[in-house]
Amino acid sequence: MEELARRQGFMRAAIALSEQSVAMGGGPFGAVVVRDGTIIGRGHNSVTLDNDPTAHAEIVAIRDACRASGDFRLEGCELYVNCEPCPMCLAAAYWAHLERIFYAGATTDAAAGGFDDAAIYQQVCTPAPQRRIALVQLLRDEAMAAFAAWRGKADRIDY
């Protein structure tokens, strides 16, 4: 029961950030990153405030946690967000190596509020030639030099 109360407290922190965001003129999303029972990253949606389409609450919280921890890997961390993550934020959670995501509202709740991620989820699963945004490959051979240099770099940091 104590564990549930602790988790609910973290979710309430994310919900509070979502409410603060709305009051500031941002979108209705808030998130916290937790490591070992302590919040190490906080974020609220600032897409319209910052004119940044990537400034989703989860992304902002992950960036904050990475700065605080001094590491781009957030292994052992949990993300609490007031709504199920969109495809971009879900991908960021994977890149950050988060352990678990807790969410309150579902994608259907976001859609009811005008945030319909279903179209993006659908586009990600659509073959590249059929996507709404065209993907056009150019200068592949020239681009491979950077990958070759990366593979040969003894001190590279894999991620």
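A search of the whole structure finds 0 disulfides, a disulfide being a pair of cysteine sulfur atoms within 2.5 Å. Cys-125 is in no disulfide either, and its nearest cysteine sulfur, that of Cys-86, is 14 Å away. The surroundings of these residues can be stated as relative accessible area, where buried means under 20%, exposed over 50%, and partly exposed in between, computed with a 1.4 Å probe on protein chains only. Cys-86 is buried at 8%, whereas Cys-125 is exposed at 69%.

This is a predicted model, in which local features need pLDDT of at least 70 and side-chain atom pairs count only at pLDDT 80 or more, while totals for chains, interfaces and linings use all residues. Residues are numbered from 1 along each chain as its sequence is written, and side-chain values use heavy atoms, with hydrogens and water left out.

The protein chain has 7 helices and 4 strands; these are DSSP runs numbered from the N terminus, helices being H or I with at least four residues and strands being E with at least two. Along the sequence they follow the pattern α-β-β-α-α-β-α-β-α-α-α. The C-alpha trace spans about 55 × 40 × 30 Å along its principal axes. Of the 159 residues in the chain, 31% are buried. Among contacts with a separation of 6 or more, 50% join residues 24 or more positions apart, a contact meaning heavy atoms within 4.5 Å.

Helix H1 covers residues 2-24. Its 23 residues reach 33 Å from the first C-alpha to the last, close to the 33 Å expected at 1.5 Å a residue; the expected span is 1.5 Å times one less than the number of residues. The buried residues of H1 are Arg-7, Phe-10, Met-11, Ala-14, Leu-17, Ser-18 and Ser-21. An α-helix has 3.6 residues a turn, so residues three or four places apart point the same way. The cover over the buried residues of H1 includes strands E1, E2, E3 and E4 (100-105). Glu-19 is also in H1, but it is exposed, with a relative accessible area of 55%. Its C-alpha is separated by 9.9 Å from that of Asn-82, which is 63 residues apart from it along the chain. After H1 comes Gly-25, with a positive phi near 100 degrees.

Helix H3 (57-69) has 13 residues and reaches 18 Å between its first and last C-alpha atoms, close to the 18 Å expected. Ala-57, Glu-58, Ile-59, Ala-61, Ile-62, Ala-65 and Cys-66 are its buried residues. They are covered by elements including E1, E2, E3 (77-83) and H4.

Two residues that are not glycine have a backbone angle worth checking. Most residues other than glycine have a negative phi. Asp-36, however, has a positive phi of about 50 degrees. Asp-36 sits in the loop between strand E1 (30-35) and strand E2 (38-44), and is exposed at 74% relative accessibility. Asn-51 also has a positive phi of about 50 degrees. Its place is the loop between H2 and H3, where it is exposed with a relative accessible area of 69%.

The largest pocket holds about 390 Å³ of space. On a 1 Å grid over the protein atoms alone, a pocket is an open set of points where a 1.4 Å probe fits, with protein on both sides within 12 Å along at least five of seven lines, and lining residues have an atom within 4 Å of a point. Grid points are joined across faces, edges and corners, and the volume is the space filled by probe spheres set on the points. Of the 20 lining residues, Asn-45, His-56, Cys-86, Phe-115 and Asp-117 are the closest to the centre of the largest pocket. Helices H2 (47-50), H3 and H4 (87-95) each supply at least two residues of this lining. By class, the lining has 12 nonpolar, 5 polar and 3 charged residues; Ala, Val, Leu, Ile, Met, Phe, Trp, Tyr, Cys and Pro count as nonpolar, Asp, Glu, Lys and Arg as charged, and the others, Gly among them, as polar.

The second largest pocket holds about 190 Å³. Its lining includes Arg-131 and Arg-132, and divides into 5 nonpolar, 1 polar and 2 charged residues.
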